[in-house]
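Please keep the sequence and the coordinates at hand while reading.

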Amino acid sequence: MATDAITTLRAETASLPFVVRLHEWVTTVDHKRLGIMYIVYALVFLMIGGVEAAIMRIQLIRPHNNFVSPEVFNQMFTMHGTTMIFFVIMPMLFGFANYLVPLMIGARDMAFPRLNAFSFWLTAFGGILLYFSFLGANGLYGNGTAPDVGWFAYAPLTSRTFSLGHSTDFWTLSLLISGFGSIGTAVNIIATIFCMRCPGMTLAKMPLLAWLNLVMAVLVILAISPLSAAQIMLAVDRYLGGHFFDTQAGGSAVIWMHFFWIFGHPEVYVLVIPAFAFVSEIVPVFSRKAIFGYPVMVAATVCIAFISMSVWAHHMFTVGMNANANTFFVLSTMAIAVPTGIKIFNWLATMWGGKIHFKTPMLFCIGFLFQFLIAGLTGIMLSAAPFTWHLGNSYFVVAHFHYVIVGAILFATFGAFYYWFPKMSGKMYNETLGKLHFWLFLIGFHLTFDFMHVPGLLGMPRRIYTYEPGRGWDTLNLIVTIGVFFQAAGILVFVANLLWSYFHGETVGSDPWDAWTLEWSTSSPPPAYNFAIIPEVRSRRPLWDLKHPEDPDWKYE
Amino acid sequence: MSTQPALISDANITWDLPQRGRVGMYCLISAESAIFTIFVVAYLFYVGKSLTGPMPRDVLHAPIFFTICLLSSSLTIHLAVRSLKRAKVGGFALLWFLTLALGATFLAGTAREWHRLIYDEGLTIQTNLFGTTYYSLVGLHAFHVTIGLLGITTVLLFALLGYVRQEHAERVDVLALYWHFVDAVWVVVFTVVYVIGR
């Protein structure tokens, strides 16, 4: 039987010497191994980025603190932002997309396996290059180490005059390289979804995860490319003496802002749409109901992607644009709340009347729902230009986007970790540790980011090195920093859970959740070829059809 | 339960999916278009904003002949792929070589223009905003022409060694798609640099 062959194969693989196995991983073109490599790589950078955040928070724990120097503080917020966006969340989501999309659409691999490996190694090299700046960016002038210009690197801070040495060059080149990796992955995801679906799986029968990752990949192509173009211009300015962002020669600092945010805002949706995808897969399975409003979910996602291309300048209300531009970007930004709201109601309606199982993945998804709602509400507040004139570049903004990135995206990603961990490892995670992780992280998250809104409202600017006592910020900053330790404890429990369960967890079968999509039809972990026989499907829930031949879905869709 | 789902055996599904090479190339072209868009926007934004000379109208002359070369190479590559689809390998190799020659002529034209601008007119990428945006945009395009020519040369070598046959027409067509894109971008660059920007 096929399963016996697979078990034998695994036993043989496990007994191979370490060097041989390492060589297999380094030279692999298997989408599952590359997916896991993306995820592990992202977890390593999550630790690094988290330590950088903790250093900033310890510096801000009380007024007039001197935990690190101002120069190091600047490097910390720059590296924290760049790392978390480009080398944690994006590779993490690409890893899940790589692993899950071919399995969910019944394919044996991505459309271009070698391009897939190439993209991964580009991204990996980009991250290593960024961190090599700590050692190598001194340059001939003995100036600067790590990049310290902020994660959006406004001109003229990035010009040769103000950024001596090579710190900004490391930033530019690492993002350019990893950007090419991202574009390669996006091309691959789109080609996979269009060209590799199993027989019967029309676009309207794809799992929502595949749909949402398709939209994400389109956004990557449309958003990362402008960033690459802007990075090329910056490199021309710095290396060849060009004048794109050189105001002394008639260049414009504002056009960098436009180019950066034309990338920057769609990027938010590049990050959040795969998080929506996880929630759209997990919520139905743990509510024991089919997803509510599948076509509307797809339409809302496409709609979000369209609108997200036209909202970038809401990051620039404080720069000073004319009234027409302000009005346009206020309205387009507010409009994006409509499709997003539709999605929230659809997830709620999926849960409504369902038999909800409060397992760890579902807990994280419920956390996601409420926190994403609050993040959206502060987003609507900030979309009003007059409001941003008061609170732009304050800790209110920092709290808002961390609510999106941590409260929504990271929570959904943790849910995805627990949900697909049995599939990827063949072992069940420890439910008690999972719940402990959830509660620690939930408490830490709310201590940090709920209270972070208030100093922002009281006028505390972002990226500030230290502050005067007696402005009403002291206690709040102390609470914010205390929350960080809860979050760190949660992360440690999470990593411990993953490692312990991988080695000692209970072995699970192919379908521990009684789920409905194709990845659960093959063994855990899946064999290299995924499916011995390419499946054929008739509905959005092929495994439901298989388990309930008397009442299959395709009769109703 | 069996590990493999044999979910439907009764339905006869006709299943026809697009060729992955074409879809991949369309995606790459979209990404490249976005990159070019940013450079074009920068060029148009900085038209007339240079603080010092030389100015575009003083030094730029529209390269009509080389433009005709590049655009007609789109026709030859199309005819080449059509020959291959009809199993005329000899005709394919000839037309393919013609494409290479036309593309190389265009690139030589760009090189000559740059030589003249740098040594006769004193315009470098450092001179002014016009120099920065001009060399970046035209250079980005020339870079894409170079990549295309490398691809075309590779296929030509394979063709001369007799490895290219009728069944490869679909794959060669993907490279032709990229070449058409490079030509189409030149229409935009030409309009922006030599018509609007002057």
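Chain B has a mean pLDDT of 92, and 94% of its residues reach 70 or more; pLDDT is the predictor's confidence in each residue, from 0 to 100. This is a predicted model, in which local features need pLDDT of at least 70 and side-chain atom pairs count only at pLDDT 80 or more, whereas totals for chains, interfaces and linings use all residues. Residues are numbered from 1 along each chain as its sequence is written, while chains are lettered from A and ligands numbered from 1 in the order in which they are written.

In residues 1-5 of chain B the pLDDT stays under 50, and the model has 13 contacts for them beyond four places in sequence. Two residues count as in contact if their C-beta atoms, placed from the backbone, lie within 7 Å. For chain A the average pLDDT is 93, with 96% of the residues scoring at least 70. Its residues 1-6 have a pLDDT below 50, and this stretch has seven contacts in the model beyond near neighbours in sequence. Where pLDDT is low, the predicted coordinates should not be read in detail. The model scores are ipTM 0.93 and pTM 0.94.

**Overall form of the chains**

Chain B contains six helices and zero strands. Helices (H or I, at least four residues) and strands (E, at least two) are DSSP runs, numbered from the N terminus. The radius of gyration of chain B is 22 Å, well over the 16 Å that the globule rule gives for 198 residues, so chain B is more spread out than a compact globule. This radius is taken over C-alpha atoms, and the globule rule is 2.2 Å times the number of residues to the power 0.38. Along its principal axes, the C-alpha trace of chain B spans about 75 × 45 × 25 Å.

Chain A has 17 helices and zero strands. Its radius of gyration is 24 Å, close to the 24 Å given by the globule rule for 557 residues, so chain A is as compact as a globular protein of that length. Taken along the principal axes, the C-alpha atoms of chain A fill a box of roughly 70 × 50 × 40 Å.

Axes are lines fitted to C-alpha atoms, for helices over the stretch in contact, and angles run from 0 to 180 degrees between N-to-C directions.

| Helix pair | Angle | Axis distance |
|---|---|---|
| H6(A) (167-195) and H7(A) (208-240) | about 150° | 8 Å apart |
| H8(A) and H12(A) (360-383) | about 120° | 9 Å apart |
| H4(A) and H14(A) (395-425) | roughly 35° | within 11 Å |

Angles under 35 degrees count as roughly parallel, over 145 as roughly antiparallel, 65 to 115 as roughly perpendicular and the rest as oblique. H6(A) and H7(A) are therefore roughly antiparallel to each other. Their contact holds 19 nonpolar, eight polar and two charged residues. In this classification, Ala, Val, Leu, Ile, Met, Phe, Trp, Tyr, Cys and Pro count as nonpolar, Asp, Glu, Lys and Arg as charged, and the others, Gly among them, as polar.

H8(A) is oblique to H12(A) because of the angle between them. In this pair, A:Val279, A:Ile282, A:Val283 and A:Phe286 of H8(A) meet A:Pro361, A:Met362, A:Cys365 and A:Phe368 of H12(A). The contact comprises eight nonpolar, no polar and no charged residues.

Between H4(A) and H14(A), the residues that meet include A:Phe96 and A:Tyr99 on H4(A), and A:Thr413 and A:Trp420 on H14(A). This contact divides into 10 nonpolar residues, one polar and no charged.

**The interface**

In the interface, 46 residues of chain A are in contact with 34 residues of chain B. Helices H1 (2-15), H6, H7, H8 (253-287) and H17 (542-547) of chain A each give two or more residues to the side that touches chain B. H7(A) gives the most, with 10 residues. By class, the side of chain A that touches chain B has 29 nonpolar, 13 polar and four charged residues.

**Backbone features in loops**

The peptide bond from A:Ser524 to A:Pro525 is cis, with omega near -15°, and A:Pro525 is found in the loop between H16 (474-504) and H17 of chain A. In chain B, a cis peptide bond with omega of about -5° joins B:Gly53 and B:Pro54. B:Pro54 lies in the loop between H1 (20-45) and H2 (56-59) of chain B. A:His64, although not a glycine, has a positive phi of about 55°; its place is in the loop between H3 (31-59) and H4 (70-104) of chain A.
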